[in-house]
Amino acid sequence: MFSRYLAGFGACLLISHSMTSLADGAPVIDSKDWQGSLHQTTLPDGSVLSEYVASTQSINTFGAQLHVSFVPRFGCMPQISVRLSATVAANFAMQESLKFSIDQEDQIFPVLVDAHDSLVRYSLNADSSTHQVIRDKLDFASEATVVWGPDLPPRNEGASTESLGEARGAIAADYSLLGSRKAVAMQENRCKSHEPIAYNN
């Protein structure tokens, strides 16, 4: 059921004929390396899709982002996704899963891929309970790593993500999770207090 929501959400982004932008006047919340923002997309039917996003940039791979977002239209359930520039992601766009770890513990991370503007978005393709589990782990962990590329064997103890990526031609992105709990909670609260935007036919 939740997978259908993700597919529908991706489709909403893909068919949008208007730009997605940071909402005018929306406060930007900084928490360590995390930011909170509101993105709004005008869909072809004239309705507006609002997305409250807590995000951070990779500390070692330029342009790679980790997002936790909440959409009022879909009950403010957490959605976990990672993003990579379209140019860099070109060789990996069709892969069905990413290697994703939190505090060096591997997570199952099947994805839906959404190419949008200059970024490729890889959304966790799972039910709502799995998204919540990953969100909770992000809240209490200190670091996360995402590896794009071919299927990779389990990491040998002591091996760095950088050397693993180089050995297999993959791209590894590390993220600091310091401040993520506060930033994500603030965006969830903003989503839950969202006032619907008037719909114009």
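In this predicted model, a search of the whole structure finds two aromatic pairs. One of them joins Phe100 and Phe109, whose ring centres are 4.7 Å apart and whose planes stand at 25 degrees, so this pair counts as stacked, given that planes under 30 degrees apart are placed in that class. Phe100 has a relative accessibility of 1% and therefore counts as buried, because the cut-off for that word is under 20% relative accessible area. Phe109 is likewise buried, with a relative accessible area of 2%.

Tyr122 and Trp148 also form an aromatic pair, and here the arrangement is edge-to-face, with 6.1 Å from centre to centre and 65 degrees between the planes. Tyr122 belongs to strand 10, which covers residues 119–124, while Trp148 belongs to strand 11, which covers residues 143–148, so the pair ties together parts that are 26 residues apart in sequence. Both Tyr122 and Trp148 are buried.

The chain has 201 residues, and 48% of them count as buried. As for the surface, the chain exposes about 10,200 Å², of which carbon and sulfur atoms supply 53%.

Definitions and conventions
Residues numbered from 1 in each chain as written. Predicted model: local features only at pLDDT ≥ 70, side-chain atom pairs only at ≥ 80, totals over all residues. Heavy atoms only, no water. Phe/Tyr/Trp six-rings, centres within 6.5 Å; stacked < 30°, edge-to-face > 60°. Buried < 20%, exposed > 50% of the residue type's maximum accessible area, 1.4 Å probe, protein only. Helix = DSSP H or I, 4+ residues; strand = E, 2+ residues; numbered from the N terminus. Areas by Shrake-Rupley, 256 points an atom, 1.4 Å probe, with all protein chains shown as cover.
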